Amino acid sequence: MALLSVASAKGGCGKTTLSILLGAELAMEGYTVALLDCDLNQHAAAFGKKMILKGLKIVPSVTEQNVLAEMRNAESENDMVIIDLPGGSSTLALKALQRSNFVIVPCQASLPDVKDAVKTMEQIADAEDLSRVKIARSLIWTRVLPGFESRSAKHVREGIEGTGLPVFGIQQRELAAFREMHVTGRVPRQVDPKSAAAENVTAITSELLGKLEKLAVAA
Amino acid sequence: MNKAALPSIGDELAPRKRVDLKSIKSADVDDAEVTENSRKLGTEWGAQTSLTPTPEPEAERPKVAERPKVPLASLRIEVPDYLDRELALKAVDQRVTKQYLVMKALQAAGYKLDDADLVEDKRKQKKR
């Protein structure tokens, strides 16, 4: 199984939304998925109470004390475990990172987001050094406005891409359907499989699976 | 002029094959090491703990009868590095001090030590 953490020191960059979207998409592709909600806000757990989706189980109230045990439980029963981590630097996140095969760092194209995303990437590198285990990671641009990129957003995006940090080719767009799912408990593909939101999630998931496939081959 | 044949796009049209996610192995690091590493990283990065139980408000804490303070003596000992390391890892794992682990072992070996004097972590008492 693959252990995927969704982490960033910055709050509000879309960690929970991305975690739910990836979990739901993978479940609809036939994978069994557990999503561990480690965030104090418990928004993923709230979504879990509304959703009807075979193959996706959302585990609420994962804490610093039980995160390692919950990861172990979940990995024994599922193809994929997604860990939705809280914003900020926390012991909980540092524990989860050390056990992860892959870490996605969501990031908006703004300077505060980018600074925190770089900090998170450095924490992953430190965790990798200490645990002596390879932790693959990649940043993903989130909440990208369709059709328009501001001058400052472009400047920030090009700045980070110039550093050589791994970045997803696909960006997660800012679409109403991603906000509605928290209200309805239904992800875009359940509402309209041909919508722009559904296609965006499919593309992100496909790129992620390509990256995980390389890890599977190397294993 | 003959144009070169375009490459096949068959591979790109085929549905993505299922990725064998189960073949990806999880990191083989034990919990004590992960906890110790997290402590080190947390110190470096200023990490905060989260979702830890909130201490009871002062007014709601049951009043415990004051016990006369027992005179304390300082004991400095040297132990092999590997023993010190094992004590440190266990102390982190159990959230107690190394002193507590040593005193508990002495109590278990038959030395007289009142339970009231066996404190898991005196620093936590001072914070209250």
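Modeller: Gln42(A) is located in the loop that joins E2 to helix H2 (43-50) of chain A; helices (H or I, at least four residues) and strands (E, at least two) are DSSP runs, numbered from the N terminus. The model is a predicted one, in which local features need pLDDT of at least 70 and side-chain atom pairs count only at pLDDT 80 or more, while totals for chains, interfaces and linings use all residues. Residues are numbered from 1 along each chain as its sequence is written, and chains are lettered from A and ligands numbered from 1 in the order in which they are written.

Although Gln42(A) is a residue other than glycine, its phi is positive, near 60°. Gln42(A) counts as partly exposed because 19 other C-beta atoms lie within 10 Å; a residue is buried with 20 or more such atoms within 10 Å of its own C-beta, exposed with 12 or fewer, and partly exposed in between, the C-beta atoms being placed from the backbone. Ser61(A) also has a positive phi without being a glycine, at about 55°, and belongs to the loop between E3 and helix H3 (67-77) of chain A. Ser61(A) is partly exposed because 13 other C-beta atoms lie within 10 Å.

On one side of the loop of Gln42(A) is E2. Five of the five residues of E2(A) are buried. Val33(A), Leu35(A) and Asp37(A) are buried on one face, and Ala34(A) and Leu36(A) on the other, so that both faces of E2(A) are covered. In a regular strand the side chains alternate between the two faces of the sheet.

The sheet itself is open, with six strands in the order E3-E2-E4-E1-E5-E6 (chain A) and parallel pairing. Because strand E3 (56-59) and strand E6 (136-141) of chain A each have a single partner strand, they stand at the edges, and one side of each is left without a neighbour in the sheet. From one strand to the next the twist averages 20°. Two strands pair if DSSP finds at least two bridges between them. Strand E2 (residues 33-37) and strand E4 (residues 80-84) of chain A pair in the parallel sense over five bridges, with Leu36(A) opposite Ile83(A) in E4(A). The parallel pairing of E2(A) with E3(A) extends over four bridges, and there Val59(A) in E3(A) is the bridge partner of Leu36(A).

H1(A) and H2(A) pack with their axes 9 Å apart, at an angle of about 35°; axes are lines fitted to C-alpha atoms, for helices over the stretch in contact, and angles run from 0 to 180 degrees between N-to-C directions. The crossing of H1(A) past H2(A) is right-handed, meaning that the near helix is turned clockwise from the far one by less than a right angle, anticlockwise being left-handed. Thr16(A), Ser19(A) and Ile20(A) of H1(A) meet His43(A), Ala44(A) and Phe47(A) of H2(A). The residues of this contact comprise three nonpolar, three polar and no charged; Ala, Val, Leu, Ile, Met, Phe, Trp, Tyr, Cys and Pro count as nonpolar, Asp, Glu, Lys and Arg as charged, and the others, Gly among them, as polar.

The axes of helix H5 (residues 111-131) of chain A and helix H2 (residues 31-45) of chain B come within 10 Å and cross at roughly 145°. Residues of H5(A), among them Gln123(A) and Leu130(A), meet residues of H2(B), among them Leu41(B) and Trp45(B). Four nonpolar, three polar and two charged residues make up the contact of H5(A) with H2(B).

Key: Two residues are in contact if their C-beta atoms, placed from the backbone, lie within 7 Å.
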